[in-house]
Each structure stands twice: as C-alpha cells, then as structure tokens.
Amino acid sequence: MYRGYYSPAEWEQIVDFSATKETPFLIILLDRVARRFQEFRRDFPSAKIYYAVKASPGEEILTLLRDLGSYFDIASIYELDRVLYLGVSPDRVSFGNTIKKARHIREAYDKGVRLFATDSEADVRTLAREAPGSRVFFRLLMDAVTSDSDWPLSRKFGCQPRMLMELVSLAADLGLDPYGISFHVGSQQREIPAWDAAIAQVRHLFEWLEKERIPLKAMNMGGGFPADYLIKSNPLSVYAEEINRYLHMHFGDAIPEIYLEPGRGLTGEAGILVSEVVLISKKSRTDLKRWVYTDVGIFNGLMETIDESIKYPAYTEKGGETGDVILAGPTCDSLDIIYEHFKYQLPLSLEIGDRIYWLSTGAYTASYSSIEFNGFPPLKTYYL
Ligand SMILES: *Cc1c(COP(=O)(O)O)cnc(C)c1O
C-alpha cells in the first residue's frame, strides 16, 4: 500500500531507519522537499515561491529551501527569528498573517521585513504607523470556494471586495505601498477551478483600482496545493497547466507578478509518521469492529484528523484479510479518536506491537503536536 506513495528504495530507507527506534516519530525525506520545490519552479517559472513556514518549520527544511533560493512566508515573529537565524535575508520574507500585534509588526519592520498582508482597517493603520512605507498585500475573502477544500481557511481571513478597495485607498493615503491582492483557496484544495474563480475576482479588482489610479503590481495566489492522501489529487503539473491557463484567460498579456505560498504541497508527501499499536480491543464479545489504539493521535501529530478532515493512508506490513477498525490515539481524552465514521480497514492479523506507518504526514503534524498532554513528549522528527 506504500506503493503509489513511495518508491521501493525510499521505503527500504524508511523501514531500515525506523527499525531500532522507539515510536512515535516523524521521518522527513529531504530529497522529496527539494524535488517538489524544483517542480514548483519548473511549473510556475515566473512565480516567486514563498514557503509557508508553519506547515513544517524544522531547521533542516528551512536550510534546504534557503539554499534552493526559496522565499519564506511567516505567521509570527518567532518564525521570522527562525529564518533570520539561518541567514535568510529579511527581504526574502513576507509577514502573511493578517492578525498581528503592533509591537510584533514594529519588531519585524526593525529586523528588515517590508512585505505584509492585511485584511482590516485597524491593521492597515497599525502597519502605516509601525511599518511605514512597506509593501502590502490585501487579502480577499474566499468563502465561496474554500468549502471544496479539505481544510478550509474560510471566514477567518480576508475581506469582501468593497472593503478591500477601501483598504487599498486608505493604505495609499497613509503612505504604505499597496502592492497586490492575495487569496487562499483553502488548504488541500482538490478542485482546481477554485483558482479560476479567485483569479477572475482579482482581475476585476485590478481594473477598478486602475480606474482609481492605484495600479497594483502583484497577485499572491497563496497555498492550497494538495498532497496525496487516501484520496489522491491531480499532480502539480496539472494544477499549474490549468492555473497558468486561467492567468492568460483573465489577464491576457498583462499578467501581474505572481507569488505562491505553498506549505502542504511542498512538504506533505515528504513525511512518514511511524507509530505502534498499543492496544486492540472490542466493546463486547459480539462487537464487529475492533478499536485499534496507536501511540499517535490528535494530540501528537494527527491534529488534522479532527472531524476526520484529512484522511492519511495508513500502512502496516501485516497482510491478509482486512476488517473495519476504529483508530484512536493514546491519551485519556475522548477527543483523541482518529477515524470512527470513516471506515478504515486493517488486516485481521494486526497485533499489539505492530507498526502503523502514516503516509504523507510531512505537513501540519509535528508542529501541531502538543508539548506534554498526558505527559507524552512532543513528536520527534528525523530528517533523512
Ligand atoms: C497556511 C498558509 C499557507 C499555506 O497553505 P497550504 O494549503 O499549506 O499550502 C499559505 N499562505 C498563508 C497566508 C497561509 O496562512
């Protein structure tokens, strides 16, 4: 079952490395991250690629992407310090979180960051005061399309087009540099036409703003590029082909500068979370389902299985006939059930102590792990 996700050579490397280590831990295959970064470059040749650090913020990944010439999108000044510490110059960083304290904006500005995203009047005023003259992206609300994604970032971010126009004028009046419009179509977006709708909206806004004599230069198309989970997605090249077509369709020869902020799409498939079965039980003698408890769960790596949103492929080396299971984590919290309604099948021969490998777990896993819930340590990560 790992086939179709990892090559036999990669799998051998993963199993060999894991053999003597106590679970749970995450393995990141750095080659995979590098390869995917090169694919983004090849498929979107004129785009600037800002890695969304929050997806997988390990130093090894940041160093690799630094050396490949990536830019970085940060969610906080703490992520900023991490990339600056690695020698990334602040002009390769954008502060993409629209929710930030005035003193953090000032600190980022003092450290050299000159590119910010915003979606509210209060934040525009704070930016004008604490980060004068900076370039600003205005984030458009995407409530219509994010519902198709598996991990929507809707409602919380962006503003309506009318308000966006007002914010652009306000920013210009206050001496900021209104630079472009940004959007995020929702994380793990499997419907490529979501970008079509978003790009069309941005095109309209560009036209209106040109009439107001505030021409913008750039469009930030965010993240949303998928990783292959139990449900597979189109390859990146197909996304790129379609999205590049939408760009030509809507902008003709006047395509603005393009920014991308992939997180999951860059690192998701690079990770394998290795766990062990702690307990297998039934609730009665006649129960048809087995409960399989593993040493990972919602609180130490599999946070995105909340509401069973992301369905990771789970692989065991046991074979034979399979049956329904409910998968749950090790903590004393009933929220810590991984999959119950979605029927996972695992071999009937599965035993306590067997390993379960969770595939495509390179994004939003280790960084989401709690630091000591129930006394369990945070998830360890090894980089190969
Ligand atoms: C989280 C985030 C991203 C990354 O999204 P993915 O779906 O993981 O690619 C990009 N941009 C912003 C502003 C984000 O908050």
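1. Two residues are in contact when heavy atoms of theirs lie within 4.5 Å. By that rule, 22 residues of domain 1 touch 21 residues of domain 2. The model is a predicted one.

2. Where are the two domains? The assignment gives 31-268 as domain 1 and 269-383 as domain 2. Their C-alpha centres are 33 Å apart.

3. How much area is buried between domain 1 and domain 2? The value is about 1,900 Å², with 57% of it on carbon and sulfur atoms. On the side of domain 1, Trp151, Tyr229 and Leu230 lose the most area to domain 2. Together they make up 33% of what that side buries.

4. Polar links also cross between the domains. The count is three salt bridges. Polar contacts join 14 residue pairs, with both residues at pLDDT 80 or more. Several elements of domain 1 give two or more residues to the side that touches domain 2, among them helix H3 (59-67), strand E7 (149-151) and helix H11 (264-267). Helix H2 gives the largest share, three residues. By type, that side of domain 1 has nine nonpolar, six polar and seven charged residues.

5. Gly329 sits in the loop between strand E15 (322-328) and strand E16 (337-347). Is Gly329 buried or exposed? Its relative accessible area is 6%, under the 20% cut-off, so Gly329 counts as buried. Beyond its neighbours within four places in sequence, Gly329 is in contact with residues including Tyr293, Val296 and Ile338. Asn300 is 29 residues from Gly329 in sequence, and their C-alpha atoms are 8.6 Å apart.

Technical notes:
Residues numbered from 1 in each chain as written. Predicted model: local features only at pLDDT ≥ 70, side-chain atom pairs only at ≥ 80, totals over all residues. Heavy atoms only, no water. Helix = DSSP H or I, 4+ residues; strand = E, 2+ residues; numbered from the N terminus. Buried < 20%, exposed > 50% of the residue type's maximum accessible area, 1.4 Å probe, protein only. Domains from an automatic or database assignment. Buried area = accessible area lost by both parts, 1.4 Å probe. Salt bridge = Lys/Arg side-chain N within 4 Å of Asp/Glu carboxyl O. Polar contact = N/O pair within 3.5 Å; in protein donor to acceptor, adjacent residues only side chain to side chain. Nonpolar A, V, L, I, M, F, W, Y, C, P; charged D, E, K, R; others polar.
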